[in-house]
Amino acid sequence: MLSILIPTYNYNCYRLIKCLNDQALVSEKEYEIIVIDDCSSSPHKENNEINNLPNCSYTELNNNIGRARIRNLLASKAKFDFFLFLDCDASISSDLFLNRYLSYCNKNSVVCGGTAYNQQDIHSEYILRLKYGISREQRSVEEREEVKYTSFSSFNFLIPKSIFDSIRFNEKIIEYGHEDTVFGYELKLHNYNILHIDNPLIHEGLEPAPVFLQKTKKSMENLCFISQESKYQKIIVDIKVLRVYRLFKKYKLTNLYIRIFLLFSKLIEKNLLGKRPFILLLDLYKLGHLSLTYKS
């Protein structure tokens with residue numbers, strides 16, 4: 001019936017697995033939960049307790065293999081016909097979370113449940129990540145359906161094994177950023193249907209602003225790499241920062257923007273690292289680092 005597949009890295013995900021397992025047991029459906037740690041630098045001992053839960057397994061890799069490859073590895077170990085991929089740094093928002101997905105395990109569609117955020121008692125160092133998540137990731141079903149393929153997220157989705165095996169995650173993308181973008185584009189390219197439903201997972205693992213900015217830089221490097229692959233040339237029209245970059249390049253404004261960006265980059269970072277960050281400045285920050293990556 002259902003294989004629940006969860007990659008983890010430097011995160012205690014036992015509580016999430018316990019909650020999922022409790023819901024799966026009540027459903028009386030066939031299931032398994034497979035968790036693989038991607039060679040954490042600071043592994044959590046409590047994760048080993050996952051092996052004591054029925055139909056659950058937890059293993060630790062000896063080498064870090066990256067965000068795309070570990071998801072492919074999880075899929076290769078799964079035995080059922082439907083895969084539910086979830087990120088480890090999350091919590092369940094409803095007692096019906098698993099049942100809602102189980103009701104779609106008879107369809108030939110990819111099903112995305114969405115992302116939600118807990119806005120209470122957030123320390124100031126996480127404000128940037130929270131504001132970004134709320135403005136760009138926490139979207140209604142209607143908003144996601146309007147751009148169903150670019151709204152795809154590997155954070156919380158159900159996929160038939162047959163569809164996954166025909167696409168798989170691009171293992172050239174090793175570090176953070178845009179493996180979701182490529183997978184969503186592949187779904188569109190192969191004309192697979194995506195259903196967006198109201199079944200969010202709460203994103204708990206917020207990074208401090210300095211870490212999030214470093215990840216943002218890395219994601220721009222990945223985006224630069226992806227956009228230069230001939231297979232993904234059409235992906236440009238779906239990604240706003242790439243569209244703006246190409247527009248600047250067309251009108252020979254790229255070098256001017258880089259000079260302006262470098263002049264004000266410290267002030268932009270000061271705001272983004274502060275208590276009242278502006279998401280518009282994060283967009284300018286992304287464009288600046290994408291432009292610098294193309295130039296290098």
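1. E145 is partly exposed, because its relative accessible area is 29%, which falls between the 20% limit for buried and the 50% limit for exposed. Please keep in mind while reading that this is a predicted model. E145 also has a charged partner: a salt bridge links E145 to K148, and their closest N and O atoms are 3.7 Å apart. That distance falls inside the cut-off, since a salt bridge here needs nitrogen and oxygen within 4 Å.

2. The structure has 10 of them. One of the salt bridges joins D22 and K18, with 3.0 Å from N to O. Both residues belong to helix α1, which covers residues 14-27, and they are four residues apart, or about one turn of the helix.

3. D165 and K161 meet through their side chains in a salt bridge, at 3.0 Å from N to O. Their helix, α6, spans residues 161-167, and the two residues are four positions apart, about one turn of the helix. D165 is partly exposed because its relative accessibility is 36%, and K161 is partly exposed because its relative accessible area is 28%. Elsewhere, salt bridges with shared partners tie R129, E137, E207 and K215 into one network.

4. Now to the aromatic side chains. There are 18 aromatic pairs in the structure. One of them is F164 with F169, a tilted pair with 6.0 Å between the centres and 55° between the planes. Why tilted? The angle of 55° lies between the 30 degree limit for stacked and the 60 degree limit for edge-to-face, so the pair counts as tilted. F164 is buried because its relative accessibility is 0%, and F169 is buried because its value is 4%. Y245 and Y294 make a stacked pair, with 4.4 Å from centre to centre and 10° between the planes. This tyrosine pair connects distant parts of the chain: Y245 sits in helix α9 (residues 240-250) and Y294 in helix α11 (residues 279-295), 49 residues apart. Y245 and Y294 are both buried.

5. Which phenylalanines gather into one aromatic cluster? The members are F83, F85, F152, F157, F164, F169 and F183.

6. What are the partners of β8? Strand β4 (residues 82-86) runs antiparallel to β8 and is joined to it by five bridges, and L86 stands opposite N156. Strand β6 (residues 110-112) pairs with β8 over two bridges, also in the antiparallel sense; here C112 has F157 as its bridge partner.

7. There is also an open sheet of three strands, in the order β5-β10-β7 and with mixed pairing. Its edge strands, each pairing on one side only, are β5 (90-92) and β7 (115-116). Strand β10 (residues 201-203) runs parallel to β7, and two bridges join them. Within that pairing, I202 of β10 is the bridge partner of A116.

8. Finally, a pocket to look at on your screen. The second largest pocket has a volume of about 180 Å³. Which residues line this second largest pocket? They are Y11, N12, C13, R15, L16, C19, C88, A90, S91, I92 and E204. Helix α1 and strand β5 each contribute at least two residues to this lining. By type, the lining residues are seven nonpolar, two polar and two charged.

Terms used: Residues are numbered from 1 along each chain as its sequence is written. This is a predicted model: local features need pLDDT of at least 70, side-chain atom pairs count only at pLDDT 80 or more; totals for chains, interfaces and linings use all residues. Side-chain values use heavy atoms; hydrogens and water are left out. Two strands pair if DSSP finds at least two bridges between them. Buried means under 20% relative accessible area, exposed over 50%, partly exposed in between (1.4 Å probe, protein chains only). On a 1 Å grid over the protein atoms alone, a cavity is a set of points where a 1.4 Å probe fits but cannot get out, and a pocket is an open set with protein on both sides within 12 Å along at least five of seven lines; lining residues have an atom within 4 Å of a point. Grid points are joined across faces, edges and corners, and a volume is the space filled by probe spheres set on the points. Ala, Val, Leu, Ile, Met, Phe, Trp, Tyr, Cys and Pro count as nonpolar, Asp, Glu, Lys and Arg as charged, and the others, Gly among them, as polar. Rings of Phe, Tyr and Trp (its six-membered ring) pair if their centres lie within 6.5 Å; planes under 30 degrees apart count as stacked, over 60 as edge-to-face and the rest as tilted.
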